[in-house]
Amino acid sequence: NMLSSEKIARPQSFLFGATGLICMLYALLVVFTGQPDPMPWWLPGSVGLLSAVLIFSKFHRADPVSVQQATDELFKRNAAIAHRFGFWSALLLYPFFGFLIATGVISLTLAFPIMGTLTAAAYLLSFAILSEWPSAG
C-alpha cells in the first residue's frame, strides 16, 4: 500500500503546524503566567519527536516517485524560506530579549523558555503556512 505525495505532504504540513503551535503556546503561557514551566517542559519536544517519527514513517512507506513529488521544487523553496525565517527570527530574539533582560522587564529564567520555543515555532509555523499557502512566500 504505497502512499501518494499528497498523503505525505499534508500530514507533514499539519504536524509541523501542530508542533509549532504547541511551541508558540508554551512561549505565550510563559509570558502570561510568569512561570518558566506553564505546561510540562517535555511537551513541546515530545510533540516534535512524535511528529518526526510520523513524518519519517510516511516517507519510509511511500514509493520513490511519491517521495520525489512530495519533495519537489516548491517544497525545497518553502523549506529554504522557512529556514531563513527561522534563522533570522532566532538571531533577532537575542538582542530583543537581551534588552528586555538588561532593562529588568523580564528575567533570564523566563526569557530562555520563551526564546527556545519561539525559535522552533518560527521555522515550524512558517513552513506549515508556506506549504498550505505557497503565495505567502
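The largest pocket of this predicted model is lined by 15 residues, of which Glu6, Ala9, Ala70, Leu74 and Ser131 lie nearest its centre. A pocket is here an open set of points on a 1 Å grid over the protein atoms alone, where a 1.4 Å probe fits and protein lies on both sides within 12 Å along at least five of seven lines; lining residues have an atom within 4 Å of a point. The space in this pocket is about 300 Å³, a volume being the space filled by probe spheres set on the points, which are joined across faces, edges and corners.

The model is predicted: local features need pLDDT of at least 70 and side-chain atom pairs count only at pLDDT 80 or more, whereas totals for chains, interfaces and linings use all residues. Residues are numbered from 1 along each chain as its sequence is written, and side-chain values use heavy atoms, with hydrogens and water left out.

At least two lining residues come from each of α1, α3 (64–70), α4 (73–102) and α5. Helix α1 supplies the largest share, six residues.

The protein has five helices and zero strands (DSSP runs numbered from the N terminus; helices are H or I of at least four residues, strands E of at least two). Its C-alpha trace spans about 55 × 30 × 20 Å along the principal axes.

Helix α1 (residues 5–33) and helix α5 (residues 108–132) have axes that come within 7 Å and cross at roughly 150 degrees. Axes are lines fitted to C-alpha atoms, for helices over the stretch in contact, and angles run from 0 to 180 degrees between N-to-C directions. The crossing angle makes α1 roughly antiparallel to α5 (over 145 degrees).

The axes of α1 and helix α2 (residues 43–61) come within 9 Å and cross at roughly 175 degrees, which makes α1 roughly antiparallel to α2 also. In this contact (heavy atoms within 4.5 Å), the α1 residues include Lys7, Phe16 and Tyr26, and those of α2 include Pro44, Ile55 and Phe59.

The table gives the residue classes; Ala, Val, Leu, Ile, Met, Phe, Trp, Tyr, Cys and Pro count as nonpolar, Asp, Glu, Lys and Arg as charged, and the others, Gly among them, as polar.

| Contact of α1 with α5 | 19 residues | seven residues | two residues |

Terms used:
Parallel < 35°, antiparallel > 145°, perpendicular 65-115°, else oblique.
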